[in-house]
Amino acid sequence: MTIHATGGDEGAVVGRPAAPMLSVLVPAHNVRNWIGETLESLLSQELRELEVVVVDDHSSDGTREIVARFAECDARVALVDAEQSGGAAARNTAVLHARGRYLAFCDADDLVPPGGYRSLVASLEATGSDLAFGDFLKFSPTKTWRPTAGWPAFQEARRAVRLVDHPSLLRGRAVWNKVFRADYWRRLGIEYPETVRSNDIVPMVTSYLAATRVDVVPEVVYLYRERPGASSMTARATTAASVLAYLRQELACAALIAEAADPGLSSTYAGIFYEADGWKHLSEHLAVSSRDDSADAQISETVAAIMALLPEFRFNRLAPSRRAVFDLARRHRLEAASALVRLVERRPPHESDHLALWTHALDGLRVSDHALAARDAVRMLTPVLAEQIRAGAETDDAELIRLVRAAESASDDDPWRPLHRLPEFEASRTVSDDTLLRRIRASRAGAHRLAHVRIERGRVALSGASGSEEVRLHLRTSAADGLVSVPASQRRTAEGASEWTASIGRSRVPVGVRLHLVASASGSGSGSGSGSGSDTTIVAFPTSVRFSTPYDRFAGFTVGRNSEGGIWLERRPHWALRGARRAARTLRERMARASYSLRRPVSSSSKPA
């Protein structure tokens, strides 16, 4: 049956069945590939008194024709032609035409499993609650998952409970996995706002807070489809207009929660914004390399307004980098926040402007006084710097120097001294940009790299190549407090480079100290043991070089690949000493267990009569 959306009660239209128990309201716009499957799932529900009101929102792909065929064959389907455009208007129109005692909302590309609505309606009939929640799954062409797995309120059936007693219900702010008492919905005067994004979160929070009693049904009552491509609303969520629209709806929710003045709800809602919905929308927008910045001022103002309504302790509990992103966003520094998200949080593939992004992010963190986030960022940056030294283009070297200077300022008080893990940057504050540039280019020209690694019981055998005529090998701690010379045999190649082999035995290495292999060209002055760094660089350990370390209790060394792309090794204590330590530890544990058994009181059931 086709109804034109003129408003008012359509209950008297000839041919429509008597007032049903449940009205399922379906806004539809250009969903011809899915609407048929959706309607079949709705019409197969185990409820006799059911109507499905589909509001066609000016579809142009044949959606309306498909719904019309269903309406001709099944009197439970009512097709309504929308007058206004937009999903919110379609939902509001559907409410006007609904005649059921209960209301449910379903998206036109999703599914409702058999028995889903029956479970929700039966619960409300038994308790008289205002609304009922059900569990749901999300699915895509490649996977299915349960978002509610970590939500305490959804772990068991709950009857006639209050929202304040189960604040995790706030996490489910979508409309589609619920059934509402129709008179309750209309008494509140709830309408969906006209917005391009998240038009259901304000109506849902409004209905949750006003409800005197709610039910939770543990059965899965809804299957949400995540569609690939750019046609779905989810796929368009990263645009500036979508993010701003979402944030404005979130601000209205934050005001409602603040007005409720319940600490549990406030804390839960802050977690939703900082760790889930708010973070997802903001970070996905900031992660776009060519993002539209025309709405930056409004986005920053709205983020600041939301954060002003949230408890401070939830912000302080965030990881340093995430806390910095939110703070930069509210301080109108979205470009720095974007750089931080792209580099630290998202870690995208190598981008052409990645050095400038790092500089921008570190400068933003330093100016905004985010010392911990800046420290973490520099620690993540050192592998990038190492790769840039080895394989960067000379045209990027000026930006590389600027980045090193920004990293120096950002890691002043870091006891880990991350820049010192790269020999080229030891004492970098005391040398000029020209000296740093000379070190970087000398290391790049040296092209020191490993080719083979073999681990034996008493030694580590290495071989590799260098672009220099002669090379000196050393072992160095990450703190750069000295160099240990490694003798190497060298052979000149026809191209003027050198190939070398080296063997590192126990006698050359202290026990329990992790050392890194570095190299310098002969005559550079770095072999003095001073650790000054000058022309010293890490010997590259390419991932293409395979090595294995099978367990051997008698092995004298542990070897691995460090985060800067080099090799580290550590001498183990003698096997006899390690065995003695294990035996002593086992003896202490047995004695502790025996002592506990003696101190434990004897239960009354074990006493003699």
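## Cores

A nonpolar core is a set of buried Ala, Val, Leu, Ile, Met, Phe, Trp, Tyr and Cys residues joined through side-chain atoms within 4.5 Å. Buried here means under 20% relative accessible area, while exposed means over 50% and partly exposed covers what falls in between (1.4 Å probe, protein chains only). With that in hand, the largest nonpolar core of this protein has 143 residues, and L22, V52 and Y117 are the ones with the most contacts inside it. Helix α8 (residues 263-286) gives the most to this core, with 9 residues. There's also a second, separate core of 22 residues, and L450, L473, V509 and L517 are among its members.

Before going on, a word on where this comes from: the model is predicted, so local features need pLDDT of at least 70 and side-chain atom pairs count only at pLDDT 80 or more, while totals for chains, interfaces and linings use all residues. Residues are numbered from 1 along each chain as its sequence is written, and side-chain values use heavy atoms, with hydrogens and water left out.

## The overall picture

The protein has 17 helices and 20 strands. Those are DSSP runs, numbered from the N terminus: helices are H or I with at least four residues, strands are E with at least two. Of the 609 residues in the protein, 52% are buried.

Contact means heavy atoms within 4.5 Å. Take the contacts between residues at least 6 apart in sequence, and 73% of them join residues at least 24 apart.

Leaving aside neighbours within four places in sequence, L22 is in contact with L47, E49, L50, E51, G100, Y102, L103, A104, Y117, V121 and V179.

Helix α1 (residues 35-43) is mostly covered, with 7 of its 9 residues buried. Which residues of α1 are buried? They are I35, G36, T38, L39, S41, L42 and L43. These buried residues pack against strands β2 (22-28), β3 (50-56) and β4 (77-81), as well as helices α2 (63-73) and α4 (116-127).

## Two buried aspartates

D130 is found in the loop between α4 and β6. D130 counts as buried because its relative accessibility is 9%. Not counting residues up to four places away in sequence, D130 touches L124, V179, F180, R181, Y184, A211, T212 and R213. One of these, Y184, is 54 residues away along the chain, yet the C-alpha atoms of D130 and Y184 are separated by 6.4 Å.

D135 sits in strand β6 (residues 131-139). With a relative accessible area of 3%, D135 is buried too. Its side chain and that of T148 are joined by a polar contact of 2.5 Å. (A polar contact is a pair of N or O atoms within 3.5 Å; within protein, one must be able to donate a hydrogen and the other to accept it, and residues adjacent in sequence count only if both atoms are side-chain atoms.) Beyond its neighbours within four places in sequence, D135 is in contact with R146, T148, F154, V217, P218, E219, V220, V221 and Y222.

## T302 in helix α9

T302 lies in helix α9 (residues 296-308). Is T302 buried or exposed? It's buried, because its relative accessible area is 8%. The side chain of T302 reaches the backbone oxygen of Q298 at 2.7 Å. T302 also touches L244, L247, R248 and L251, not counting residues up to four places away in sequence. As for R330, it is 28 residues from T302 in sequence and 7.9 Å away in space, C-alpha to C-alpha.

## Two loop residues with positive phi

A261 is in the loop between α7 (240-260) and α8. Its phi is near 55 degrees, a positive value in a residue other than glycine. At 61% relative accessibility, A261 counts as exposed.

H332 lies in the loop between α11 (320-330) and α12 (334-345). Here phi is near 65 degrees, again positive in a residue other than glycine. H332 is partly exposed, with a relative accessible area of 48%.

## Where α15 meets α16

The axes of helix α15 (residues 397-410) and helix α16 (residues 433-446) come within 10 Å and cross at roughly 115 degrees. Axes are lines fitted to C-alpha atoms, for helices over the stretch in contact, and angles run from 0 to 180 degrees between N-to-C directions. On the α15 side, D397, L400, I401, V404 and R405 make the contact, and on the α16 side D433, L436, L437, I440, R441 and R444 do.
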